[in-house]
Amino acid sequence: LDMVFNEALRLFPIAPITIRQCNDDIVLKGIQFKKNVAVLIPIYNIQHDPNIWPDPETFDPERFSPENKVNHHACAFLTFGSGPRNCLGMRLAYLEAKMALIEVIRKYKILLAPETKVPLKRALGGALRAEGGVHVKFESRE
């Protein structure tokens, strides 16, 4: 289940970008960043980069298997950030999402509604969302 959640969050990160401020002057790969400069980190682009993730648009939870996970750079998966400023609520978010999903799947079959346009197209804006939305139907398992 962890592998499925991580792959879903890699494909569809909650926030497509984040911003950090430089604490010191630094040069990284020949690029100079001055102290107090805001740096935009394109999470969506990093998590869809074919140089980092082969076939990046394909849903493949095996990318996060214990054997494959060790091959990822620490900043290749940034849905919850990285380092000392990563998301404090990450563990709680995973736990709540798993509990909610298990309850829903136990009681319902989730079906794609005909109103959903496939393949999904990303809508413009700050939050990551599908153009026209994602419409689903819940069919009782009882």
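Tutor: F12, I105, Y108, I110, L112, V118, L120, V134, V136 and F138 form a nonpolar patch on the surface, with about 930 Å² of accessible area together. Strand 5 (108–112) and strand 6 (136–140) are the elements that give two or more residues to this patch, and strand 5 supplies the largest share, three residues. A patch is made of residues with over 30% relative accessible area and no salt bridge, nonpolar side chains (Val, Leu, Ile, Met, Phe, Trp, Tyr) being joined within 5 Å; a salt bridge is a side-chain nitrogen of Lys or Arg within 4 Å of a carboxyl oxygen of Asp or Glu. Areas come from the Shrake-Rupley method with a 1.4 Å probe, and for residues only the protein chains shown count as cover. The model is predicted: local features need pLDDT of at least 70 and side-chain atom pairs pLDDT 80 or more, whereas totals for chains, interfaces and linings use all residues. Residues are numbered from 1 along each chain as its sequence is written, and side-chain values use heavy atoms, with hydrogens and water left out.

T79, in the loop between helix 3 and helix 4, is buried (under 20%), with a relative accessible area of 12%. Its contacts (heavy atoms within 4.5 Å) include L9, R10 and I43.

Note on methods:
Helix = DSSP H or I, 4+ residues; strand = E, 2+ residues; numbered from the N terminus. Buried < 20%, exposed > 50% of the residue type's maximum accessible area, 1.4 Å probe, protein only. Patch = residues over 30% accessible without salt bridge, like charges linked within 9 Å, V, L, I, M, F, W, Y side chains within 5 Å. Lists of a residue's contacts leave out its neighbours within four places in sequence.
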